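Please keep the structure open while reading.

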Amino acid sequence: MTVIKTEGLSKYFGKKKALEDLNLEVPEGIIFGYLGPNGAGKTTTIRLLLNLARPTSGTAYVLGEDIRNGRSYLKKVGFLPDVPNFYNFFTAREFLSFIADISGIDNPEKKIGKILELIGLKNEKGRIGGYSRGMRQRLGLAQALLPDPELLILDEPTSSLDPQGRKEILDLICSFKGKKTVFFSTHILSDVERICDRIGILKEGRLLIEDNIEDIKKRYTRHRILIEVDDTEKLIEKVNGLSQIKSIERRNNNGLVLEVSDILPVQIDIPKIIVEENLILKKWEILEPSLEDIFLEVTNK
Amino acid sequence: MIKLMKKEFYEFVKTKKLIAIIAIFIFFAISSPIMAKIMPEFIKTISIGITIIVPPPTWKDAFLQFFKNLNQMIFLILVLIFIGSIAEEKNRRTASLVVTRGVDRRVWVLSKFTFQLLLTISLSLISFFICYYYSVILFPDTEFFPSFSSLLLFLVYITFVISLTILSSSAGNNIIQAGGIFILVFIVLNILNIFPSLKPYNPVNLSSMETQWIVFGVDWNSAVKTVISSLILSIASLVCGMLYFNYQELE
């Protein structure tokens, strides 16, 4: 089942294009990372999916319901905004009781206690007005999870957390894999690489790429080898003659990064050269592209 | 809707708004008859060397003072408290948090209106009976019917005012915008009041009727058009506020 499907979804603010012709599919049970530089249209997409804004053209189907025809699907969606704001006069427990009330959850006390423990706010007795941004983000996640939604839409869920808090929250999100669908917008590429199954990269309102992380990596793989030897000049002189070599880049004192057209013959020929020339091999590494490399490559095109 | 109203009540209790409103209503309820009683004596004591003839105070003075306070001070305080009820929630993005939980936006607006109206009506009635009680003590000939009839006019008037704050708050994105819209509509209504043909249909006319009924006696026939048009305009303002918020894009 497709949990989110957008068809030519566009949003303009006057003449300013915020989102253009977005066609996206998020299957059930996966963690979808929605990436893009500032102002790319990530939050606009989320606002449209949550019916906080209306599309200029196109539409989206969330949990099978056309967003233009109603809002009943929102009962099955949990949302964490990028800057969570709450009623400051409530304590965390009181606020979650209110959320339980309006979400129609019966006898929520036990569930509230469990969720507060899960997100590390069990011992917070003070009013929300005195919470730090990180604590607000945790509470935001708690209120999103409370009604046990089928779809979680998280806008920058770890942006205000310290490394320990980030790890805890990412582990928690990761535990939903296969149970809930998570639509996860962020700037933090390492978070995406760690937990997401599928990603979409957005720039200036247009979706540039959407696929599984592994397939994207395969697509963007450039065959590169990092070699460290005691005499790099000699190695450069010898490998320059190989037909598969596309470029040679120096790295540090003894390092070379070779970009090659076909990696298999090179993996045989270069070790042969090293042996024949009596060079000392210090490091041999086949370089995989990181998500950051791909992100920069895609968004800088 | 009851759950949403419960939150409104809780907010008023926690932020001490409730205790402030109760205190103000009770203060004016008690002070109005007392001020009416002591004011002539007070004027005499400060006018040394000048002969001022002040007619003896009556229960009418007590209720004229009471309705003056309701229409000025309490009106202003209620508008200041209620005007941000929707606009500030939009501005702080707490409105988005509630509506993305699947709460019907129209019901959310209606819950705010209902809570504010019930609170105001309850406090107005309590305040009236306190004022009546002190008036009877200070002026034994106090009449219930004209003063209570004037209160009914005030309740119609304040219903219109609250529905207008809801519409203004729904249309404005923050308290300043909402306040601006409210003031603008109020100025227009006051300007329209100078046209004799429109006056009977203008809700702002109700506040002057309240005092007229205290002084000259109750005349329901003269108020029918104003009461009906005020109630129609109240419903129209409320419905417009609900529809506007339902259609509005939120942050």
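**Salt bridges and polar contacts**

Between chain A and chain B the count is four salt bridges, a salt bridge being a side-chain nitrogen of Lys or Arg within 4 Å of a carboxyl oxygen of Asp or Glu. This is a predicted model in which local features need pLDDT of at least 70, side-chain atom pairs count only at pLDDT 80 or more, and totals for chains, interfaces and linings use all residues. Side-chain values use heavy atoms, with hydrogens and water left out.

- A salt bridge joins the side chains of A:Asp101 and B:Lys6, at 3.2 Å from N to O.
- There are 15 residue pairs in polar contact between chain A and chain B, both residues at pLDDT 80 or more.
- A polar contact is a pair of N or O atoms within 3.5 Å; within protein, one must be able to donate a hydrogen and the other to accept it, and residues adjacent in sequence count only if both atoms are side-chain atoms.

**Make-up of the chain A side**

- Strand E1 (2–13), strand E6 (77–80) and helix H2 (92–103) of chain A each supply at least two residues of the side touching chain B; helices (H or I, at least four residues) and strands (E, at least two) are DSSP runs, numbered from the N terminus.
- H2(A) gives the most to that side, with seven residues.

**Extent of the contact**

- Chain A contributes 32 residues to the contact and chain B 27 residues, where contact means heavy atoms within 4.5 Å.

**Domains of chain A**

- An automatic or database domain assignment divides chain A into domain 1 (2–218) and domain 2 (220–289).
- The C-alpha centres of domain 1 and domain 2 of chain A are 44 Å apart.

Technical notes. Residues numbered from 1 in each chain as written. Chains lettered and ligands numbered in written order.
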